[in-house]
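Good morning, colleagues. Please look at the structure on the screen while I go through its aromatic pairs, its sheets and a few of its helices.

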Amino acid sequence: MPNPRITVVGLGPGSADLISLGAKAQLMADVPVYFRTTVHPLVPELIQEIPGPVHSFDDIYESAEEFSKVYQQIVDELLTAARETPIVYAVPGHPFVAETTVTLLLERAREAGVEVQVIPSMSGLEAMMAELAIDPTNGLVICDALDMPSGIDTQSPLLITQVYNRWVASDLKLFLLDHYDGEHPVTLVKAAGIPGQARQETMPLYQLDQVDWIDHLTSLYVPKVTDGEKIQTRFSLLPIVKVMQRLRAEDGCPWDSEQTHISLKPYLIEEAYEVAEAVDEGDDDQLMEELGDVLLQVIFHAQIAAERGAFDADDVVRVLVEKMIRRHPHVFGDIEAKTAQAVTVNWEEIKRRERAAKGETRSSVLQGIPPGLPALMTARKIQQKAAKVGFDWDEVQGAYAKVLEELREFEDVIARQGTAEKQGPEGGDPELTGEFGDILFALVNVARHLRFDPEIALLQSVNKFKRRFLYIEAKAKEQGRSLTEMTLEEMDQLWEEAKASEGGKESTLSTHSDNSR
């Protein structure tokens, strides 16, 4: 006896011209035909022509409580019927496009020893693309209205199938409003590919569920967000926002509820430095945790702002997304920028236009640097701004020569004062302090030319010193001694051990052997 066999055929989008010849031939093969549903424009006509027995699963849809059970029962009945005689299973459109029953049937048929052959016809997708005159290779994303993904890329067009009725359209509208502005244009398409029945209408998103002709043949096209259009956002920030709202409530945490933008400033700076430390240490778990702490500070500030009606966390994300897109026209627009330098030029020009649009004017190229930055970062940013108008060394050698010049001037001041240990006025000798500042400023210039951040470089050296000094302390403790009982030479030896354990090559710690300490 031959293996049980099921031939799955696609009925196309609904026109007699769009069903394949192979599919039509199978339907006329004088074997039992099972329609997943008779609610399809072509089925009534086909039923009149089919010579064999005809069945449908419409009654299961009417009695089952959920779609998953409908699909399982359909597959059960198909496999049972196929054991008696070869059958044809007919589904709307293309058997592999949004046909869960076909996917389940193929999985279970292998286990049951049932042979399955699939003969396709045109899907409703091709018909909709023709109706809308769109090219799917331009990033088209296809979704199911009954199973929308959690995240939406608003920079890609969407084609959403199975918008069965106004209830589905209403739920879909609410979902899309979390990602798009209510005025974003969308297009409903009904009965694509069916002569005399095809229909489409473009409207603002907020009107989606007000259309009274939506039925089982309806899909929705959502074009991508255009430049300058307002973007809605919905990311996984809501759980954090809810926690922060609870902490700031009257019966929440007394400390959290008392905080202000001003009181939180030190914590944001501290958390940013802890992120930098996690990056230096290469610890992904620590980096993840520290990034979360920075995000917490962002949500904290956004919640405080929301309580006074200024903005909320969603506004922060929305404005950031809009700015990222606006400042990358070489990615999201038609501007060309092949090098990082070209990108920087575009970036600065876009920022200039943004300031002009806000009515901001700057009397100096050095304006726009936050006053609370650490000194090394401030120095670097000032040098960068001056360099943009040509006030800069052509090469690093000029910047390095300036370091040597400033060192000589510093040495001259020390020589005039007679001793490096001379006690100056409170806060240090003004002349000596000034010359030392010039050295630091010149060193920042060298770092900028060599494309590294002096702030990070100094932090790395501080952490390295800390790590090695802790090693000395630990070794002294093992010996039952305090550091004050050890000689400088003994500490030097332990310092060298710490270096060796790291593979370091720096000079020794002591003043008599390491003038760079």
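**Aromatic pairs, sheets and helices**

W255 has a relative accessible area of 39%, so this residue is partly exposed. On that scale, buried means under 20% relative accessible area, exposed means over 50%, and partly exposed lies in between, with a 1.4 Å probe and protein chains only.

Two remarks on the source of these values. This is a predicted model, in which local features need pLDDT of at least 70 and side-chain atom pairs count only at pLDDT 80 or more, while totals for chains, interfaces and linings use all residues. Residues are numbered from 1 along each chain as its sequence is written, and side-chain values use heavy atoms, with hydrogens and water left out.

Let me stay with the aromatic rings. Rings of Phe, Tyr and Trp (its six-membered ring) pair if their centres lie within 6.5 Å; planes under 30 degrees apart count as stacked, over 60 as edge-to-face and the rest as tilted. By this rule the count comes to 7 aromatic pairs. One of them is edge-to-face: W255 and F300, at 6.4 Å centre to centre and with 70° between the planes. Because W255 lies in helix 9 and F300 in helix 11, this pair ties together parts that are 45 residues apart in sequence. Helices (H or I, at least four residues) and strands (E, at least two) are DSSP runs, numbered from the N terminus. Is F300 buried or exposed? F300 counts as buried, at 3% relative accessibility.

A tilted pair is formed by F410 and F436, with 5.8 Å centre to centre and 50° between the planes. F410 belongs to helix 16 (residues 396-417) and F436 to helix 17, so parts 26 residues apart in sequence are tied together by the pair. F410 is buried at a relative accessible area of 17%, whereas F436 is partly exposed at 43%.

I return to the surroundings of W255, and to Q259. Q259 sits in the loop between helix 9 (254-258) and helix 10 (261-281), and Q259 is buried, with a relative accessible area of 9%. A polar atom of its side chain lies 2.9 Å from the backbone oxygen of W255. The side chain of Q259 also makes a polar contact with the side chain of S263, at 2.8 Å. A polar contact is a pair of N or O atoms within 3.5 Å; within protein, one must be able to donate a hydrogen and the other to accept it, and residues adjacent in sequence count only if both atoms are side-chain atoms. Leaving aside residues up to four places away in sequence, Q259 touches R248, L264, F300 and I304. Contact here means heavy atoms within 4.5 Å.

Next, the sheets. Two strands pair if DSSP finds at least two bridges between them. An open sheet of 5 strands has the order 3-2-4-1-5, with parallel pairing. Its edge strands are strand 3 (54-56) and strand 5 (115-119), each of which pairs on one side only. Strand 1 (residues 5-10) and strand 5 pair in the parallel sense over 5 bridges, and the bridge partner of V9 in strand 5 is I119. Helix 4 (residues 67-82) packs on the sheet, touching strand 1, strand 2 (33-35) and strand 4 (87-91), and its direction makes about 155° with that of strand 4. For such angles, axes are lines fitted to C-alpha atoms, for helices over the stretch in contact, and angles run from 0 to 180 degrees between N-to-C directions.

Another open sheet of 5 strands has the order 6-7-10-8-9, with mixed pairing. Strand 6 (141-144) and strand 9 (199-204) stand at the edges with a single partner strand each, so one side of each is left without a neighbour in the sheet. Strand 8 (residues 185-190) and strand 10 (residues 218-222) pair in the antiparallel sense over 4 bridges; V189 has S219 in strand 10 as its bridge partner.

Finally, helix 18. How is its N-terminal end capped, and by which residue? D453 caps that end, with a side-chain oxygen 2.8 Å from the backbone nitrogen of E455. In helix 18, P454, E455, R468, I472 and A476 are buried. What covers the buried residues of helix 18 includes helix 10, helix 15 (375-388), helix 17 (430-449) and helix 19 (488-502). Just after helix 18, G480 takes a positive phi of about 70°.
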